[in-house]
Amino acid sequence: RHFPCPPSSPKNLCATLEIHCNNGAVFVAGRYNKYSRNLPQTPWIIDGERKLESSVEELISEHLMAEFKADSFNFSSSGREDVDVRTLGNGRPFAIELVNPHRIRFTAEEMKGLQQTINNSSDKIQVRDLQLVTRSAIGRMKEGEEEKTKTYSALIWTDKAIQKEDIAFLDDIKELKLDQKTPLRVLHRRPLAVRCRVIHTMKSQYIDEHHFRLHLKTQAGTYIKEFVHGDFGRTKPNIGSLLNRTADILELDVESVDVDWPPALDD
């Protein structure tokens with residue numbers, strides 16, 4: 001009675017009030033190195049207050065936003081490092097979605113120039129292999145996040161004096177399985193769970209009676225700091241329990257993220 005089918009023809013024509021033209025999103029990918037121990041990956045804002053002046057995301061995106069003349073952006077990466085952890089080696093894969101860019105065509109030479117502009121702007125980060133990619137290609141970065149391995153270098157302190165032979169046995173441990181309860185430091189943003197992770201190999205490097213460096217190859221997603229100090233028994237086993245003494249981590253570096261993406265570019 002109220003909605004006849006087919007409906008009656010309209011008596012008034014529609015009038016156009018506004019027309020908006022938008023470009024589809026453009027995706028830029030690359031790998032970044034982080035050389036500062038005082039730089040978060042994304043803006044560090046707590047209760048509306050900024051804790052540190054910049055971030056990896058901002059140092060990279062501000063130049064892309066300016067060149068592509070985009071309205072906004074979304075940053076993603078293959079995992080993340082803590083604010084006090086450096087990322088060395090070939091760097092960590094990342095991708096940035098540029099929303100409604102007003103310029104979308106860039107040659108390979110222009111992308112190389114843009115990469116150089118980013119690298120010249122800060123000594124805290126460097127980017128490499130900067131390139132345009134498709135939306136579907138970003139899925140390959142995320143697929144490799146949990147499956148691939150990562151290598152780290154950790155500077156470790158022990159409360160009791162050690163000799164070189166006290167840590168030599170670590171080199172022989174292979175495929176060590178860990179039970180890691182969600183660390184206390186990330187419990188505010190990660191659900192409480194026990195995750196099984198694997199330390200594939202370890203290589204120790206004796207420094208002095210209270211310090212040694214440990215090179216680790218691990219399953220992605222392993223909490224390295226907690227593997228060293230144990231997180232009040234929330235990570236088992238840990239370096240402290242293996243050495244039967246208190247251990248803590250002083251410095252941590254990511255030496256490689258073994259995700260073969262994006263494709264390496266010729267220099």
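**Entry 1: pockets and domains**

From which domains does the lining of the second largest pocket draw at least three residues each? I looked this up and found that domain 1 (26-145) and domain 2 (150-257) each supply at least three. The model is predicted, so I note that local features need pLDDT of at least 70 and side-chain atom pairs count only at pLDDT 80 or more, while totals for chains, interfaces and linings use all residues. Residues are numbered from 1 along each chain as its sequence is written, and side-chain values use heavy atoms, with hydrogens and water left out.

The domain bounds come from an automatic or database domain assignment. I recorded 29 Å between the centres of domain 1 and domain 2, taken over C-alpha atoms. Their contact (heavy atoms within 4.5 Å) takes 16 residues from domain 1 and 10 residues from domain 2.

**Entry 2: the second largest pocket**

I noted a volume of about 460 Å³ for this pocket. A pocket here is an open set of points on a 1 Å grid over the protein atoms alone, where a 1.4 Å probe fits, with protein on both sides within 12 Å along at least five of seven lines; lining residues have an atom within 4 Å of a point. The volume is the space filled by probe spheres set on the points. Of its 17 lining residues, Trp44, Arg80, Asp82, His188 and Arg189 lie nearest the centre. I counted the lining by class as 7 nonpolar, 3 polar and 7 charged residues; Asp, Glu, Lys and Arg count as charged, Ala, Val, Leu, Ile, Met, Phe, Trp, Tyr, Cys and Pro as nonpolar, and the others as polar.

**Entry 3: the largest pocket**

The largest pocket has a volume of about 560 Å³. I found 26 lining residues, with Arg80, Arg190, Gly221, Thr222 and Tyr223 nearest its centre. The lining comprises 13 charged, 8 nonpolar and 5 polar residues. Both domain 1 and domain 2 give residues to this lining, so the largest pocket lies between them.

**Entry 4: helix 1**

I then turned to helix 1 (residues 56-68), a DSSP run of H or I with at least four residues, numbered from the N terminus. Its 13 residues should span 18 Å at 1.5 Å a residue, and the end C-alpha atoms are 19 Å apart, which agrees. The expected span is 1.5 Å times one less than the number of residues. After helix 1 comes Lys69, with a positive phi near 50 degrees.

Conventions
Helices (H or I, at least four residues) and strands (E, at least two) are DSSP runs, numbered from the N terminus.
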